[in-house]
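The following note was prepared for a colleague who wishes to go through the local geometry of a protein model point by point. Please read it with the coordinates open.

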Amino acid sequence: MSVIHGVSLMKEKDIYFFREGNHTKLYEVLGSHVMEVDGVRGTLFAVWAPNARAVSVIGDFNGWNPRTDPLGPRWDDSGIWEGFVPGVGHGELYKYRIVSNHGDQVLEKGDPFAFWWETPPRSASCVWDIEGFGWSDDEWMSNRSYANGTKAPQNIYEMHLGSWRHVPEEGDRSLSYHELATTLVDYVREMGFTHVEFLPVMEHPFYGSWGYQTLGYFAPSSRFGNPHEFMELVDAMHRAGIGVILDWVPSHFPSDAYGLSNFDGTCLYEHEDPRKGYHPDWKSSIFNYGRNEVRSFLLSSARFWLDRYHADGLRVDAVASMLYLDYSRKDGEWIPNRYGGKENIEAIDFLRKMNEILYTDFPGIQTTAEESTSWPMVSRPAYVGGLGFGYKWNMGWMHDTLHYMGLDPIYRKYHQNGLTFGMWYAYSENFTLPLSHDEVVHGKGSLYGKMPGDAWQKAANLRLLLGWQYGHPGKKLVFMGGEFGQGAEWNHDTSLAWHELDDPFHGGISNWVRDLNHFYKSHSAMWDGDYERWGFEWIDCGDTDASVLSFTRRDGYGNVVLCVGNFTPVPRQGYKLGVPEPGEWREVMNSDAQAYGGGNWGNMGLALHAEPYVIHGREWAITLTLPALSFTIFELVRGERDA
């Protein structure tokens, strides 16, 4: 039976919203959809190609013959071509053959709305019915607003699916979505992380891009399994009480011939002028945010992952490159906006619209911006002039902290402001503190490798760095391998060096992160006031000679913890420190404990009695022992009289 025309999922209102730039569910009406027409099973194909002279669907089912199943243009001049092909079902491979009005170009393109693709380097789309998965995460979904909110603990495990763990017995392959649904979930739960953040799972042609050169904006990568198996992974995370954040890339896309670039023989998704449509850093194409149909495409993609895959949030990559027309460009290489400025007005409008829609439709989620400049109010609502994100990565904190920790401790006293400066702007945004994948690639070395000194000092410095991160206001993010101090920098082609856990130093770092995670989650003073000025107070940030920093964290219920970092390899006994309240201050976390690979110095978990003594502007003080290169946490012990 030949292709049937006149069948459509698109209504007049769909066309209206599509053209207006406000359609957020295009994945329901464009692409390939298995359905039944007049009792006949088949697949409806619909693709936007307004500058095409002819479009046909080709695949295994018709021998890739472009004459067998031609699509027809809609009557409404929307540029959409449609056709129902009987007998084509779930799992069939296909492409669109497009003959352009411009120079009679003949193009073979994958489906921009495909739910699954062949595994690269193969490039065909795949008909896939994504309905029918039996979700069992109702409890998580109904309560996730708290877990994802600013008044909750968030320690995020950032990871790359393909290189987390391999199976050497089977050709050193990556774990599948199905295997990760057990192995990864168990690991994340044991280690005490609240969320995982996946580097882009969306299909991408070049594995070495880590997913940041996306082409399948509606398809999880087939390298690790099919769409239902990825749903299984998300579902398992949620049943274990773990949130799932997906990296998403609306800033650019690769120019592979079968992808979005020059889709119908014209610059359909990208700007035609290379000064706005070509990214010099990544040699890729930039979306035309001023074209309404492209906005609908991107809005639909963002919504799709929250809708169909139950994602708890999106971390939007390279936001700075979207905001500035002169990003990575020299004078004369960019076009000013209509006011003569460098701000990309269309991209700003898109980001605000995206956040408004996502938070309206999915109140329990969060969006996070990777934004590396001082653009104001990134994590403030659009209605007050912000971009509307829930969180922003604190790139300044990350750079300053890693620079400081990379110094030989003898020089740290001259650079202490590298650690303290972040508190001057800590409340300007809802910050997440990232120790991300970007800092352990391209010759930068691993977190462990950045630390100065011998093996003992490297391990101690890394435990200290992680303690400092967890004590500092803001949500936390650690890239995989950092949680056990992998020695080598990350390589996407190999598995993490899990054998290093047998080494006492690396195993000790893992134990420290695990215990730190569980302590962090169970003590609301560590996170309740992340974005409130009352949640943090310096005790002493001026002891540069000793390179010691001390501060308190509080919650809104009267609980308080004292955090102390000793950033030199010199242990300090009899160190007197002012405290805000009298009573017993018990050491509850010590990065130098033997279980963490340390020298087992400290206060042995004892409660230190605060005595009347004026120091650091306080009327009470404790005398403590600070191990070398250590981070210690003390908790105020409250008796019944104080309750």
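The points below take up sheets, aromatic pairs, backbone exceptions and a surface patch in turn.

1. The structure is a predicted model. Every residue number used in this note counts from 1 along the chain as its sequence is written.

2. The six-stranded sheet. Six strands form an open sheet in the order E24-E25-E26-E32-E28-E29, and their pairing is antiparallel. Strand E24 (536-543) and strand E29 (607-609) stand at the edges; each has a single partner strand, so one side of each is left without a neighbour in the sheet. From one strand to the next, the twist averages 25°.

3. Strand E28 (residues 584-590) is joined to E29 by three bridges, and the two run antiparallel. Within this region, glutamate 584 stands opposite histidine 609 in E29.

4. The three-stranded sheet. An open sheet of three strands is also present, with the order E27-E31-E30 and antiparallel pairing. Its edge strands are E27 (572-579) and E30 (611-615), each of which pairs on one side only. Here the twist averages 55° from one strand to the next.

5. Pairings made by E31. How many bridges join E27 to strand E31? There are six, and E31 covers residues 618-626, running antiparallel to E27. Leucine 577 has isoleucine 622 of E31 opposite it. E30 and E31 likewise pair in the antiparallel sense, over three bridges. Proline 612 stands opposite tryptophan 620 in E31.

6. The hairpin of E30 and E31. Two residues lie between the strands of this hairpin, and histidine 616 takes a positive phi near 55° there.

7. Histidine 310 has a phi near 60°, a positive value in a residue other than glycine. The residue lies in the loop between helix H6 (292-307) and strand E19 (313-316). Is histidine 310 buried or exposed? Its relative accessible area is 14%, so histidine 310 counts as buried, the limit for that class being under 20%. Serine 328 also shows a positive phi near 60°, again in a residue other than glycine. Serine 328 is found in the loop between helix H7 (319-323) and helix H8 (345-361). With a relative accessible area of 38%, serine 328 is partly exposed.

8. A cis peptide bond. Proline 120 and proline 121 are joined by a cis peptide bond, with omega about 15°. Proline 121 is placed in the loop between strand E8 (116-117) and strand E9 (125-126).

9. The structure holds 51 aromatic pairs. One of them is formed by phenylalanine 45 and tyrosine 94, which are edge-to-face at 5.0 Å centre to centre, with 65° between the planes. This pair links distant parts of the chain, as phenylalanine 45 belongs to strand E2 (residues 40-48) and tyrosine 94 to strand E6 (residues 93-100), 49 residues apart. Phenylalanine 45 is buried, its relative accessible area being 0%. Tyrosine 94 also counts as buried, at 0% relative accessibility.

10. A second aromatic pair. Phenylalanine 133 and tryptophan 135 have ring centres 5.0 Å apart and planes at 80°, so this pair is edge-to-face; the class requires planes over 60 degrees apart. Phenylalanine 133 counts as partly exposed, at 22% relative accessibility. Tryptophan 135 is partly exposed as well, at 21%.

11. A nonpolar surface patch. Which residues form a nonpolar patch on the surface? They are Met377, Tyr383 and Val384, which together have about 350 Å² of accessible area. Valine 384 is situated in the loop between strand E20 (366-369) and strand E21 (391-393). At 46% relative accessibility, valine 384 counts as partly exposed.

Methods
Predicted model: local features only at pLDDT ≥ 70, side-chain atom pairs only at ≥ 80, totals over all residues. Heavy atoms only, no water. Pairing = 2+ DSSP bridges. Helix = DSSP H or I, 4+ residues; strand = E, 2+ residues; numbered from the N terminus. Axes fitted to C-alpha atoms, helices over the stretch in contact; angles between N-to-C directions. Patch = residues over 30% accessible without salt bridge, like charges linked within 9 Å, V, L, I, M, F, W, Y side chains within 5 Å. Areas by Shrake-Rupley, 256 points an atom, 1.4 Å probe, with all protein chains shown as cover. Salt bridge = Lys/Arg side-chain N within 4 Å of Asp/Glu carboxyl O. Buried < 20%, exposed > 50% of the residue type's maximum accessible area, 1.4 Å probe, protein only. Phe/Tyr/Trp six-rings, centres within 6.5 Å; stacked < 30°, edge-to-face > 60°.
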